[in-house]
Amino acid sequence: MTLWLEPKKLKQEQQKLQNRRFITFEGGEGAGKTTLIEEISHYLTSRGFEVLKTREPGGTPLGDKIRQLVLENRNEKISPLAELALFLASRAQHVEKVIEPALKQNKIVLCDRFNDSSIAYQGIARNLGKKEVEKACQFFSQNLEPTLTFYLDIDPKIGMSRISKSRTIDRIEQEDFSFHIQVRNAFLKIASENPQRIFVIDASLPKTQVQQMAIKKLCSIIS
Ligand SMILES: Nc1ncnc2c1ncn2[C@@H]1O[C@H](COP(=O)(O)OP(=O)(O)O)[C@@H](O)[C@H]1O
Ligand SMILES: [Mg+2]
């Protein structure tokens, strides 16, 4: 038996031992990520857990500026590589300044989007390469892996109709319908490759059912 573990595996093992709880929420636009995070945060807080709710891009003052740059509607077309670089800059700052410190304080971190979004949107749907973007994500997030990821799966037609009722549409949401279908297929592929980490929920179900399923799964890892 060898004691040597590749750096990513070693980090995962250390994270398990430290009982860190980093939960990410992934899915297309209007899948219900923000709604579910609010509910779960409520549930955990009322049971005495310390929770940090955060999101990507964003989560830090720098990240919020990047969020604005990436999501605002603009005349200049952003190249896929530049887009990826902006998301990763936001992530690097977020992991180092906010997520890691919160995990060290034993908080449960609930994060709206993380590496899987970069892999689905930029790696697969924008064609930068799945493997390449996976590697970049590992590097910029310092190999931080979510303990559990909820992937809220929704037909983009339903997702887009939900958000168009509730708010204005950002630059990425405005992409063609075919782009959103590619993103969904990309997430499904990532989920099928990571069955241990990613819990898929049918997000077309009523909110209460989505919440119940998520809370049941969550309880199995926090108790
Ligand atoms: N399971 C659900 N069924 C119907 N509507 C939902 C459901 N989950 C969320 N919504 C509604 O859809 C809209 C988008 O939800 P939101 O949580 O902002 O999605 P996301 O953060 O994934 O873009 C909101 O108006 C929200 O109330
Ligand atoms: Mg949201």
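Predicted model: local features only at pLDDT ≥ 70, side-chain atom pairs only at ≥ 80, totals over all residues.
**A quick tour of the chain**

Let's start with overall size.

Next, the box. Along the principal axes, the C-alpha atoms occupy roughly 50 × 40 × 35 Å.

Now the elements. The chain has 9 helices and 5 strands. Reading from the N terminus, the order is α-β-α-β-α-α-β-α-α-β-α-α-β-α.

How is the chain packed? Of its 223 residues, 39% count as buried. Take the contacts with a separation of 6 or more: 79% of them come from residues 24 or more positions apart.

On to the core. The largest nonpolar core has 46 residues. Leu36, Ile99, Val109, Ala120, Phe150 and Leu152 have the most contacts inside it. Helix H4, residues 80-104, gives the most to this core: 7 residues.

Let's zoom in on one of those. What does Val109 touch, leaving out residues up to four places away in sequence? The partners are Arg21, Phe22, Ile23, Leu52, Thr54, Ile99, Ala102 and Leu103. Ile99 is also on the list of residues with the most contacts inside the core.

Last stop, the ligand. Ligand 1 has 16 residues around it. Gly32, Lys33, Thr34, Thr35 and Arg162 come nearest. Which helices each supply at least two residues of the shell around ligand 1? They are H2 (33-46), H7 (156-166) and H9 (207-222). By type, the shell divides into 6 nonpolar, 6 polar and 4 charged residues.

Note on methods
Residues numbered from 1 in each chain as written. Chains lettered and ligands numbered in written order. Helix = DSSP H or I, 4+ residues; strand = E, 2+ residues; numbered from the N terminus. Buried ≥ 20, exposed ≤ 12 C-beta atoms within 10 Å, placed from the backbone. Contact = placed C-beta atoms within 7 Å. Near = placed C-beta within 6 Å. Nonpolar A, V, L, I, M, F, W, Y, C, P; charged D, E, K, R; others polar. Core = buried A, V, L, I, M, F, W, Y, C linked by C-beta atoms within 7 Å.
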